[in-house]
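Let's take a friendly walk through this structure together. Keep the view open beside the text and follow along.

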Amino acid sequence: MASRPVVNAPPTVALDHIEELSRVAGEDGTLLAIRNQARACLVPLELPNRARHLWRYTNPARFLPESDPTAVAPIDVGSTWRLDEPLSVAALIAGGALRLVEVDATARKAGVVVEDLHRAPAGDLLGTVVPASHGFLEAINTAAWRGGVLVRIPAGISLEHPIRLRLVAGGLSLPRVLVVAGEDSSFEVIEGHVGGDRGTGKVIGVTEILVGKGADVRYGLVQRWEPGVVGHLTARARVLAGARFQMSLASFGGAAFKADVGAFLAGEGAEVETYGVAMGGDSQHFDHHTEHIHEAGKTHSNLDFKVALTGSARSAYTGMIRIAPGAAGSEAYQENRNLLLSENARAESIPELEILTDDVRCSHGATVSPLDPEQLFYLKSRGLPHLQAMRVIVYGFLDQTLARLPQTTRDRIAALVAARLHTD
Amino acid sequence: MNNHAKPVFQCTGVHIHIGEKEIVKGVDLTVLPGEIHAIMGPNGSGKSTLANGLMGHPTYTVEGTVILAGEDVSAMPPDEKARRGMFLAFQYPVAVPGVTVASFLRAAVSAVRGVDVPVREFRKELLARMEDLEMDPAFAGRYLNDGFSGGEKKRVEILQLLMLKPKFALLDETDSGLDIDALKVVAKGINTAVSNDTGMVLVTHYQRLLNYVHPDVVHVFMDGRIVRAGGPELALELEERGYDWLEPAAAAGGV
């Protein structure tokens, strides 16, 4: 599709108080240097060009901070969290700070480290998966992030219970998460985004995950902001040889949400699976971008992303699969299905394939369709009222994808789906 | 059959249109509890339109009166008809991926009975009915009709019939596409439902099913009308002679 370039006004994001922010947070010089580099990187960057695929459906200006994020005092949002399940780690970021860390005895004994990222010796890792040059919003986050956590799982450690990170939106939030999975470690980590109950909130978040050789990491990114929140989340994993990374993505809340998530399959035999569901209603705007970047040979990726929309909700999905010249013997599959439950809902689906080597297997599929009247009639003929029939169809549509997730995550997301179905 | 009972189903003056086109051109039917009526007719005569239209498929415009167990349900949507005891076994059951047979049936049974059936109790009942129909219990966990063979789909329709225990059931070509073993199982299910006083209309164009299920009345359906009604012997006559000999009756506008 030919489209005219859209000229954006030059961005005006001031970042004048980086030194003070870094000093108050107790950071060492390495982290400060990373911030300053990011600011320098930002200067020549322009707002993402809306003619480019990634921003064709969403106005990037919506996500910009309205004032200097290094000067804004974070809002102290309420941060109660009822922990009602066995967890290896619970960590809460709210009001621009890491507020709560609990590590259970088994994880502690195993050497699991959970630290305030501001004070962690993470200078050699921060920005290695999502560098500031990734994009405008990532550069802002790297220069001005506030409230972060480092989770480090030693080599060879398997955690029975999940790690749960909760990030609470409120005012302007720029959280940063860094997860380091040691060789042959195995665990599940869920990053839950909530909050914004004061009606508004802006979030620019970045998460980096380093998956060591042979590790097995299940990562969940669950977004259920209150209505009104506008947020952009970037998450990337670098997956080394023989490792497996499974990402589950669940998007429910906010007024406008853009997610840019994916993985680099950086070592031979790496496996990446991404399973996601998004449910939008009213005038919600979703824009999901996924990337599976095959850098090494014999790597395997699979993606299944489902979207269900009601009201006048909008969704755009762009899915990039890139298979680098050196990645022979790789396989990549991508499927995106969209179900429109109302006449005014709209969805776009754009697969993007860059296959730079011959010896690959690759496929993609995309559909956008309304509810099937024959399915509805069938369920109604069995006594299910219209609304219930609709819910059953939507639940089934999404649950096919959720069925591939770890049971507890599946149950949790399924409960959110069910709750959402009963409020629409 | 109970000749003194009140009809479970009665329709009068039923005309069904798709858009401007009239497909069903005036049908009257009365079914008593535990009665089996066979509606036989050539392809394209409007049998399936009659069955789907009576249940309330949104494609069709239905005129006439439909009384279910004494209550006028003519204007009701399909789900209300179902909750009042009407059932349609589909000729082409629809797949609902992501929804298991068990969870779907529990929702349907709860809707029709008007109470939430406890999981354990429901499960026990479901497995018993599946055993009656010689179905692998693993079916309960499969997605509804998703990737099922023709015969499996028909068995699941009959499973629903037995679980939902309707007062009146329309079976649209439930016998088509079945091998002889599956046909016997389906017939057993139909006979079980009838012995529980379900009134039944079997829409079919083969006599085959009627070797195992004994109709009280056989109706011949041609060009949107019932052109002749008789006993079981009429089905055998159709098998032998085909439908051509009834064409004058059809042209004359039916019985």
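Is the crossing of α3(B) and α5(B) right-handed or left-handed? In this predicted model, α3(B) and α5(B) cross in the right-handed sense.

## A helix pair in chain B

Helix α3 of chain B spans residues 101-113, and helix α5 of chain B spans residues 150-164. The two pack at an angle of about 35 degrees, and their axes are 10 Å apart. From α3(B), the residues at the contact are Val101(B), Leu105(B), Ala108(B), Val109(B) and Val112(B). Facing them from α5(B) are Val156(B), Gln160(B), Met163(B) and Leu164(B). By type, the residues of this contact are eight nonpolar, one polar and no charged.

Which residues does Leu170(B) touch, not counting residues up to four places away in sequence? They are Ala51(B), Leu54(B), Met55(B), Phe87(B), Leu88(B), Val201(B) and Val203(B).

## The nonpolar core

Leu170(B) turns up again in the largest nonpolar core, which has 209 residues. Leu170(B) is among the residues with the most contacts inside this core, and others listed with it include Leu202(B), Val149(A) and Phe245(A).

## Enclosed elements of chain A

Now over to chain A. Why is helix α4 (residues 136-144) of chain A described as largely enclosed by the rest of the structure? Because nine of its nine residues are buried. Among them are Phe136(A), Glu138(A), Asn141(A) and Thr142(A). The cover over the buried residues of α4(A) includes α1 (18-24), α2 (29-42), β7 (176-181), β9 (201-211) and β11 (229-239) of chain A.

Strand β14 (residues 271-280) of chain A is also largely enclosed, because nine of its 10 residues are buried. Strand β12 (residues 244-251) of chain A pairs with β14(A) in the parallel sense over eight bridges, and Gln246(A) stands opposite Glu273(A) in β14(A). Strand β16 (residues 300-309) of chain A also runs parallel to β14(A), joined by 10 bridges. There, Glu271(A) stands opposite His300(A) in β16(A).

## A loop glycine

Gly228(A) lies in the loop between β10 (216-223) and β11 of chain A. Is Gly228(A) buried or partly exposed? With 17 other C-beta atoms within 10 Å, Gly228(A) is partly exposed.

## Where the chains meet

Finally, 19 residues of chain A are in contact with 22 residues of chain B. On the chain A side, α5 (373-380) and α6 (386-402) each supply at least two residues. The most comes from α6(A), with eight residues. The chain A side divides into nine nonpolar, six polar and four charged residues.

Methods
Residues numbered from 1 in each chain as written. Chains lettered and ligands numbered in written order. Predicted model: local features only at pLDDT ≥ 70, side-chain atom pairs only at ≥ 80, totals over all residues. Axes fitted to C-alpha atoms, helices over the stretch in contact; angles between N-to-C directions. Helix = DSSP H or I, 4+ residues; strand = E, 2+ residues; numbered from the N terminus. Left-handed = near helix turned anticlockwise from the far one by under 90°. Contact = placed C-beta atoms within 7 Å. Nonpolar A, V, L, I, M, F, W, Y, C, P; charged D, E, K, R; others polar. Core = buried A, V, L, I, M, F, W, Y, C linked by C-beta atoms within 7 Å. Buried ≥ 20, exposed ≤ 12 C-beta atoms within 10 Å, placed from the backbone. Pairing = 2+ DSSP bridges.
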